Amino acid sequence: MIPLIYVLAVSLMMFTVGLYGILTVKGGIRLLISIEILVNSANLNIVAWGVGIADASAVLFVLFSIAIAAAEAAVGFAIFVALYRETKNIGLKSLMELRW
Amino acid sequence: MDPLIISGILIFLLPLIMFPIILLLGKINANYRKYAGPMATSAIFISFLLSYYLYINGKNIVFEGQWFYNFTWGIYVDPLSISMSLMVSGVSFLIHMFAIGYMGKDPNKHVYFAETTLFTGGMLGVVLSSNMVMFFLFWELVGLCSYLLIGFWWFKPNAASAAKKAFIVTRVGDVLLILGLAVLYWQFIKFGDPLSVTTIINNAHYVDKVQLAIAGALILGGAAGKSAQFPLHVWIPDAMEGPTTVSALIHAATMVTAGIYLVARIFPVYIFALPWAGYLVLYIGAFTAFLAGTMGIVMNDIKRILAYSTISQLGYMLAALGLGIVATENTISISIYHLIVHAFLKALLFLSAGAILYSLLDIRDIRKMGGLWKKMPITITAMFIGSLTLVGFPPTAGYFSKDEIISLSYFLSQNNPGIYYAWLLLLIGAFLTTVYTFRMFFTVALGSPRSYAAEHAKDPPWVMIVPLVILSILSLIYGIFQEDFYSYLGEVSFTVPIYVEMLPFILVLLGIYIAWLFYGSRRFSAESFAKRSGILYSLVRAKYYLDYIYTNIIADRVVVYLAYAFSLFDRYIVDGFVNAIGRAFNYTADITKRLQTGIVQNYATLVIIGLILFLIIGKIMGVI
Amino acid sequence: MVYLLLLLLLPLLFSFIPLFSGRYSKLLSSFLSFIVLLVTSIFYFHINESFKTLAFYGVDLNIAINYLSYPLVLLVSIVVFAAILYQDPDIEGSYFSYIFFLEFSLFGVFMSQNLFLFYIFWELVLIPSYFMIGRWGGPRKDYTALKFLIYTHVGSVLMLVSIFILAYNYYTIYGNFNFDYSSIFKAIPSGSIYYVVLAGFFLAFFIKLPTVPLHTWAPDVYVESPTTSSMIFSGLLSKMGAYGIFAIFMEFGDPELGWFIVSLGIISLIYASFSALAQRDLKRMVAYASIGHMGFISISIGVYFISHSTLALIGGMFMMFAHGLIIPILFGTVGSVERSTGTRAIRDLGGLTKMMPNLAFLMTGGFLASLGLPGLAGFIAEFSVVVGSWETITYISFLVVFGLVLSASYHIWALQRTIFGPYNNYLGKIGDMIPREFWPMLILFLLVLIFGIFPSPIYNLFLQYSGGVY
């Protein structure tokens with residue numbers, strides 16, 4: 001059996017990659033991908049802990065989380081598609097109407 | 001209730017009630033306006049009859065009812081107030097009758113008569129009030145009527161301005177009067193019903209002399225404002241912009257005497273005060289009598305001459321009271337007797353002046369008149385009688401009233417050397433009175449007409465003649481009631497050497513002779529005499545620069561510039577400070593809002609930084 | 001008595017009706033405000049009723065009408081009635097809703113017997129006022145509405161702090177929370193915290209009064225509002241501050257504070273009078289006149305703190321009532337001048353008597369009442385304050401009467417330049433006051449006259465409130 005700490009390390013790496021992606025990418029689709037990575041790192045973390053402390057309810061939470069992530073991705077894509085139709089541009093730097 | 005009390009209340013209530021009635025009638029239908037004059041006149045005649053009823057049936061009626069707090073309202077009837085009430089309603093009746101003719105052509109005569117009726121009601125209220133608060137209410141009501149009536153021809157800029165001046169100058173006196181009442185209130189509160197006339201009169205000798213003197217001085221300020229005594233005399237000459245009947249009624253016969261009445265009403269306050277209060281009363285009166293006399297000589301406007309004469313005569317009345325206070329004598333009867341005689345003669349003079357203006361189309365400059373004795377004999381004869389009475393020529397009533405005051409001042413100065421200068425001032429005042437009166441009379445009556453209007457003057461209709469005749473008769477014969485009047489109001493007896501008694505009469509003859517030389521026979525030229533007197537003439541001509549100081553320096557400079565200073569301070573400093581606080585918040589927000597870039601990733605970065613900081617701080621503090 | 005609750009809620013109920021009544025809203029609102037006036041008048045015979053329910057941690061619905069609050073409740077109904085009758089032409093249904101809501105809040109302020117409730121109503125007043133200025137105001141309405149809201153709110157939140165300190169102090173002493181007037185003031189703290197509590201109430205009340213130098217919201221609000229609102233704001237909002245002073249602030253009396261407040265009052269009077277003298281805008285002049293009168297309330301309460309002079313105190317209380325009746329007349333007539341001539345600048349007017357005799361009558365009456373002419377209600381108040389304070393402040397009274405002379409000067413000066421003198425022919429042919437302007441002003445003026453000659457019905461209430469002894 002793989003030690004818990006290895007799985008957590010992978011989760012941490014995924015989290016860091018996802019966070020880095022969120023803070024730096026320029027396009028909307030990449031942002032969504034980064035968020036997916038972030039959510040999945042959290043899922044992995046929860047499952048790993050679930051195995052580590054032998055609690056099956058962790059799996060249940062992760063299933064919910066995956067479903068929510070899917071829904072969220074769908075909504076996100078829908079927003080970006082709609083934005084693209086409007087502005088032909090989904091660069092994050094150009095979306096700055098919501099300031100002061 | 002006692003019919004005497006009811007009639008006492010009705011005396012002033014009836015004219016007051018007529019005010020809205022006359023005003024509304026004229027407002028409803030312009031045709032009813034011609035009834036305004038007769039209605040007002042008859043209402044006041046009823047007041048006169050009621051006063052007479054009180055005179056016959058009662059002395060010393062006091063009625064008081066709760067008003068508010070510990071102030072009462074009510075009527076205080078004693079010989080002093082009855083004699084005033086008879087004089088006010090009687091003279092007012094005659095002047096109203098005259099006004100029916102004089103104001104007959106004015107489109108707004110219902111307003112005029114409503115206001116004069118209101119005034120008469122107020123004045124009767126002043127003399128009959130039993131409480132100083134109620135007294136002050138009516139006191140201000142007559143001041144208001146004076147304001148409204150001076151500005152009756154409101155479209156004339158001079159009239160509007162004169163009304164304003166009259167109101168503000170008397171207001172200065174009135175606030176002093178309020179303070180005087182405040183002093184009295186706290187001194188008399190231990191006797192209950194503190195501002196009632198009864199309380200004040202009966203308990204004055206129990207009260208601290210210093211406080212009484214302060215109260216007396218403050219109240220004298222109010223009296224000086226209303227009765228146009230130095231230094232608050234400046235408003236009356238300007239007030240002549242109103243209709244002449246108003247000048248006769250308010251600014252000669254009745255309202256301006258309210259100040260004298262006030263001092264007489266609370267006489268015990270002065271009697272039991274420190275002596276300086278009495279000297280203040282005496283010398284303000286005597287000095288005003290002298291000062292106004294000098295100014296009367298140089299005026300050319302007939303109504304202004306009479307106005308200064310009024311101020312001067314009011315000075316005599318105040319001085320008479322002051323004499324009594326200084327010497328602890330009851331001189332009220334002498335003062336009030338002169339007050340009543342003066343009301344008759346000054347109403348007569350003003351009404352005859354009004355009759356002259358009526359036929360001369362409002363030319364008021366005496367230099368444009370002349371030779372009127374031939375043109376309007378009845379009017380000028382009435383004026384002649386008035387002039388003789390004013391100067392105190394025997395056997396007119398003026399001789400019995402004014403010379404009495406001068407003799408009294410001499411008599412009292414035997415024991416009080418401080419009064420001696422008052423006697424001198426009053427004596428010179430009598431001489432000046434003669435000079436300005438006969439200067440006016442000779443210029444108006446003799447010579448030849450000096451304007452087109454004067455050539456075509458004629459006597460007015462009978463409704464204006466009748467009051468003139470009645471007042472002339474009163475002025476001539478009222479002297480025979482002197483003894484009766486004194487015994488009714490309080491006896492004063494004194495004797496002076498015959499040469500002192502004759503002195504005023506000699507001065508009168510001298511004055512008439514000088515006036516004759518300058519203005520009757522024109523042997524000497526008044527103009528060249530004026531030129532030779534140089535600076536003295538210009539000083540008097542400029543009214544001692546008092547008007548200039550009050551109007552041009554205090555009102556137009558000091559107060560207005562202060563007002564602008566306050567206003568600018570308000571706008572730029574006080575409000576500026578408030579706005580500066582608001583702006584400070586605005587600027588801070590302008591800087592801090594730059595954090596709000598609108599870019600999602602910046603927000604995310606900030607969230608991460610915040611989270612990390614939170615964790616670090618938590619670790620350091622040992623919370624996590 | 002539960003009817004008291006009904007009286008309180010009646011205007012709240014009525015505030016919904018004009019929203020749904022379309023073009024009848026003006027007529028209906030006049031009628032409704034008259035009903036409120038009638039109901040209020042009936043309560044003259046039921047003073048000293050109280051109603052208490054819904055106890056919840058010391059915060060209960062505790063309302064009452066006492067000898068101090070009844071005249072103010074009556075004043076609110078009278079002024080609201082007159083103001084609604086006056087009806088500026090450019091206002092519509094929802095405006096009346098705001099007015100009724102304001103009336104409800106003011107009733108609440110004057111009737112609540114509980115500091116918490118008092119605070120809620122106190123703040124509730126701001127909401128309709130803000131919209132009445134911000135939606136229907138003059139050219140600078142946005143600035144003014146915001147200034148008003150923030151300025152008065154700053155004072156109120158500090159008062160909230162004071163209330164909580166008081167309540168906490170009460171809790172530490174007695175072990176429970178109680179905000180009722182009858183109990184909370186037993187817990188006035190001592191030491192430095194006393195001054196914190198004092199400052200909170202002081203700012204709230206003296207900003208609302210308003211007193212110099214915390215007054216600058218007032219001229220802007222009075223001037224920028226439409227006439228109806230000016231009447232209500234000047235007549236009633238300042239009474240909240242005055243009521244707070246007499247009902248709540250009076251618990252804090254100490255002589256040194258008294259001297260401070262007397263000085264503030266005298267400064268207010270003279271400062272406002274001088275400022276009024278310099279104004280070119282008639283409405284702004286009236287606004288400063290209103291501020292000047294409020295100086296008398298400061299003087300009265302200050303003198304009471306120093307020497308417990310009942311006469312001065314009642315004078316100040318009567319000033320609230322008299323001023324509430326007088327100032328709306330001034331704003332109403334100035335509003336008529338503006339509607340008729342299209343200007344408020346004093347120098348552009350003159351000789352209005354020629355074209356507007358009714359206006360001349362009412363304006364002269366209102367101005368004379370405002371300068372304190374005897375026979376009109378303002379005199380009773382000013383006289384009581386001046387006479388009542390002589391014994392305490394003696395020669396300082398000369399400053400007070402100097403303020404009175406100044407006040408007479410600017411009133412008379414304004415009269416002379418607007419309605420007397422030669423008619424300014426550039427104004428052309430203008431009409432007099434129209435009936436909807438004339439009658440409410442006449443009613444107010446007659447009330448001023450009646451209470452000036454027979455002050456006892458109201459004066460005695462205040463007398464009973466302050467102990468009933470001379």
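Two residues are in contact if their C-beta atoms, placed from the backbone, lie within 7 Å. With that rule, the chains of this predicted model can be compared.

## How the chains meet

Start with chains A and B. The contact takes 9 residues from chain A and 9 from chain B. On the chain A side, 6 of these residues are nonpolar, 3 are charged and none is polar.

Chains B and C come next. Here 38 residues of chain B are in contact with 41 residues of chain C. On the chain B side, α5, α6 and α26 (546–592) each supply at least two residues. Helix α6(B) gives the most, with 16 residues. By class, the chain B side has 29 nonpolar, 4 polar and 5 charged residues.

Which pair of chains has the most contacts? Of the 2 pairs that touch, it is chains B and C. Chains A and C do not touch. Their nearest C-alpha atoms are 20 Å apart.

## Chain B as a whole

Chain B has 27 helices and 2 strands. Its C-alpha trace spans about 120 × 60 × 55 Å along the principal axes. Of its 624 residues, 57% count as buried. Take the contacts in chain B with a separation of 6 or more: residues 24 or more positions apart account for 81% of them.

The chain is divided into domain 1 (3–533) and domain 2 (548–621). Between the centres of these two domains, taken over C-alpha atoms, lie 63 Å.

| Helix pair | Angle between axes | Distance between axes |
|---|---|---|
| α5(B) (132–150) and α6(B) (157–188) | about 170 degrees | 9 Å |
| α11(B) (258–265) and α14(B) (302–327) | about 5 degrees | 10 Å |

Take the pair α5(B) and α6(B), with its angle of about 170 degrees. Angles over 145 degrees count as roughly antiparallel, so α5(B) is roughly antiparallel to α6(B). From α5(B), the residues in the contact include B:Met132, B:Phe136, B:Tyr147 and B:Ile150. From α6(B) they include B:Ala159, B:Phe167, B:Leu177 and B:Leu184. By class, this contact has 12 nonpolar, 3 polar and 2 charged residues.

Now take α11(B) and α14(B), at about 5 degrees. Angles under 35 degrees count as roughly parallel, so α11(B) is roughly parallel to α14(B). B:Ile260, B:Val263 and B:Ala264 in α11(B) meet B:Leu314, B:Met317, B:Leu318 and B:Leu321 in α14(B). This contact has 7 nonpolar residues, no polar ones and no charged ones.

An α-helix has 3.6 residues a turn, so residues three or four places apart point the same way.

## A buried tyrosine

B:Tyr436 lies in helix α19 (residues 420–445) of chain B. Is B:Tyr436 buried or exposed? A residue needs 20 or more C-beta neighbours within 10 Å to be buried. B:Tyr436 has 26 inside 10 Å, so it counts as buried.

What does B:Tyr436 touch, leaving out residues up to four places away in sequence? The answer is B:Gly293, B:Gly296, B:Ile297, B:Ile305 and B:Ser309. B:Gly293 is 143 residues from B:Tyr436 in sequence. In space, the two are 7.5 Å apart, C-alpha to C-alpha.

The loop between α8 (209–226) and α9 (235–239) of chain B holds B:Pro231. The peptide bond from B:Phe230 to B:Pro231 is cis, with omega near 0 degrees. B:Ala228 is found in the loop between α8 and α9 as well. B:Ala228 has a positive phi of about 55 degrees, although it is not a glycine. With 31 C-beta neighbours inside 10 Å, B:Ala228 counts as buried.

Chain C has a cis bond too: the one from C:Val212 to C:Pro213, with omega near 5 degrees. C:Pro213 is in the loop between α9 (192–208) and α10 (217–224) of chain C.

C:Asn48 lies in the loop between α2 (25–42) and β1 (49–53) of chain C. C:Asn48 is not a glycine, yet it has a positive phi of about 75 degrees. C:Asn48 counts as exposed, because it has 10 C-beta neighbours inside 10 Å.

## A covered helix in chain C

Helix α16 of chain C runs over residues 377–393. Its 17 residues should span 24 Å at 1.5 Å a residue, and its end C-alpha atoms are 24 Å apart, which agrees. α16(C) is mostly covered, with 17 of its 17 residues buried. Just after α16(C), C:Thr394 takes a positive phi of about 30 degrees.

Key:
Residues are numbered from 1 along each chain as its sequence is written. Chains are lettered from A and ligands numbered from 1 in the order in which they are written. This is a predicted model: local features need pLDDT of at least 70, side-chain atom pairs count only at pLDDT 80 or more; totals for chains, interfaces and linings use all residues. Axes are lines fitted to C-alpha atoms, for helices over the stretch in contact, and angles run from 0 to 180 degrees between N-to-C directions. Helices (H or I, at least four residues) and strands (E, at least two) are DSSP runs, numbered from the N terminus. Angles under 35 degrees count as roughly parallel, over 145 as roughly antiparallel, 65 to 115 as roughly perpendicular and the rest as oblique. Ala, Val, Leu, Ile, Met, Phe, Trp, Tyr, Cys and Pro count as nonpolar, Asp, Glu, Lys and Arg as charged, and the others, Gly among them, as polar. A residue is buried if 20 or more other C-beta atoms lie within 10 Å of its own, exposed if 12 or fewer, and partly exposed in between; C-beta atoms are placed from the backbone. Domain bounds come from an automatic or database domain assignment. The expected span of a helix is 1.5 Å times one less than its number of residues.
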